[in-house]
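Hello,

Here is the structure I promised to pass on. Please open it first, then read my notes below.

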Amino acid sequence: MDAIECMKTRRSIRAFLDRPVPRTVVEDIVDCGRLAATAVNIQPWIFVAVEDARLREQIADITDYGKFIARAPVCIAVFCSNVKYFLEDGSAATQNLLNAARAHGLGSCWVAGHKKKYAEKVRDLLGVVPIIVMTAYGELDTAVAAASGDAKLVPSVASSPQGRRSTSRSRRT
Ligand SMILES: Cc1cc2nc3c(=O)[nH]c(=O)nc-3n(C[C@H](O)[C@H](O)[C@H](O)COP(=O)(O)O)c2cc1C
């Protein structure tokens, strides 16, 4: 898949198969994150990849709209130290993570962190500096996606009235 196709076909995925993501793939995704543009090349980020099911459940519980983290085989949290452009740096890295996941054939979803009241709780749970975002990864569960009627995820439902309705952008944080 080339970069243009990757960016144009990435979608937020919130239903995952219960199948582990190989460690090499997780490492490659993080590698793409750390190669993002960053103000004065300061690279202020820390990436925390969480595979442990109990810890993912705890993270999911803390979030408002990230409950699916409990069912995603991997959650990668992005933290940045408190430099001037930490939010831009962390966001650039996060988008790289999501695109890299897409290139590896995985679904992923950004879950709000920094502006949330729960940001500090996640930071304390994982023991690092200010939170930017959590992201969930796994293979798309097409059965769940088709049942939701989301035509962005499953083109075959696009022709049904339910499918057409669901193409509007969902209102999540
Ligand atoms: C800053 C930010 C915060 C987001 N927070 C959440 C979230 O907490 N939960 C969630 O399910 N999706 C979240 N999303 C994903 C958006 O809902 C999603 O990107 C948007 O609906 C567009 O869908 P698409 O990614 O499939 O194009 C967030 C996206 C961004 C950029």
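Start with Asn 41. Asn 41 is not a glycine, yet its phi is positive, at about 55°. Look for Asn 41 in the loop between α2 and β1.

Gln 43 lies in the loop between α2 and β1 too. Its phi is near 45°, a positive value in a residue other than glycine. Gln 43 counts as partly exposed, with 15 C-beta neighbours inside 10 Å.

Two notes before you go on. Residues are numbered from 1 along each chain as its sequence is written. This is a predicted model, in which local features need pLDDT of at least 70, side-chain atom pairs count only at pLDDT 80 or more, and totals for chains, interfaces and linings use all residues.

**The whole chain**

The protein chain has 7 helices and 4 strands. Helices (H or I, at least four residues) and strands (E, at least two) are DSSP runs, numbered from the N terminus. From that end, the order is α-α-β-α-β-α-β-α-β-α-α. The chain has 173 residues, and 36% of them are buried. A contact means that the C-beta atoms of two residues, placed from the backbone, lie within 7 Å.

**Strand β2**

How many of the residues of strand β2 are buried? The count is 7 of the 7, so β2 (residues 74-80) is largely enclosed by the rest of the structure. In a regular strand the side chains alternate between the two faces of the sheet. Here, Val 74, Ile 76, Val 78 and Cys 80 point one way. Cys 75, Ala 77 and Phe 79 point the other way. Strand β1 (residues 45-50) runs antiparallel to β2, and 6 bridges join them. Strands pair if DSSP finds at least two bridges between them.

**Two helix pairs**

Helix α3 (residues 53-62) packs with helix α5 (residues 119-126) at an angle of about 165°, and their axes are 9 Å apart. Axes are lines fitted to C-alpha atoms, for helices over the stretch in contact, and angles run from 0 to 180 degrees between N-to-C directions. Therefore α3 and α5 are roughly antiparallel to each other. The cut-offs: under 35 degrees is roughly parallel, over 145 roughly antiparallel, 65 to 115 roughly perpendicular, and the rest oblique. The crossing of α3 and α5 is right-handed. That word applies if the near helix is turned clockwise from the far one by less than a right angle, and left-handed if anticlockwise. From α3, the contact uses Gln 58, Ile 59 and Ile 62. From α5, it uses Lys 121, Val 122 and Leu 125. By class, that gives 4 nonpolar, 1 polar and 1 charged residues. Ala, Val, Leu, Ile, Met, Phe, Trp, Tyr, Cys and Pro count as nonpolar, Asp, Glu, Lys and Arg as charged, and the others, Gly among them, as polar.

Next come α2 and helix α4 (residues 86-103). Their axes come within 7 Å and cross at roughly 145°. This crossing of α2 and α4 is right-handed. Asp 28, Ile 29, Cys 32, Gly 33 and Arg 34 of α2 meet Ala 93, Asn 96, Leu 97, Ala 100 and Ala 101 of α4. The classes here are 6 nonpolar, 2 polar and 2 charged residues.

Cys 6 is in helix α1 (residues 3-9). Cys 6 is partly exposed, with 16 other C-beta atoms within 10 Å. Cys 6 and Arg 102 are 96 residues apart along the chain, but their C-alpha atoms are separated by 6.3 Å.

Phe 16 lies in the loop between α1 and α2. Is Phe 16 buried or exposed? Phe 16 is buried, with 24 other C-beta atoms within 10 Å. Not counting residues up to four places away in sequence, Phe 16 touches several residues, including Arg 71, Pro 73 and Asp 141.

Best wishes

Conventions: A residue is buried if 20 or more other C-beta atoms lie within 10 Å of its own, exposed if 12 or fewer, and partly exposed in between; C-beta atoms are placed from the backbone.
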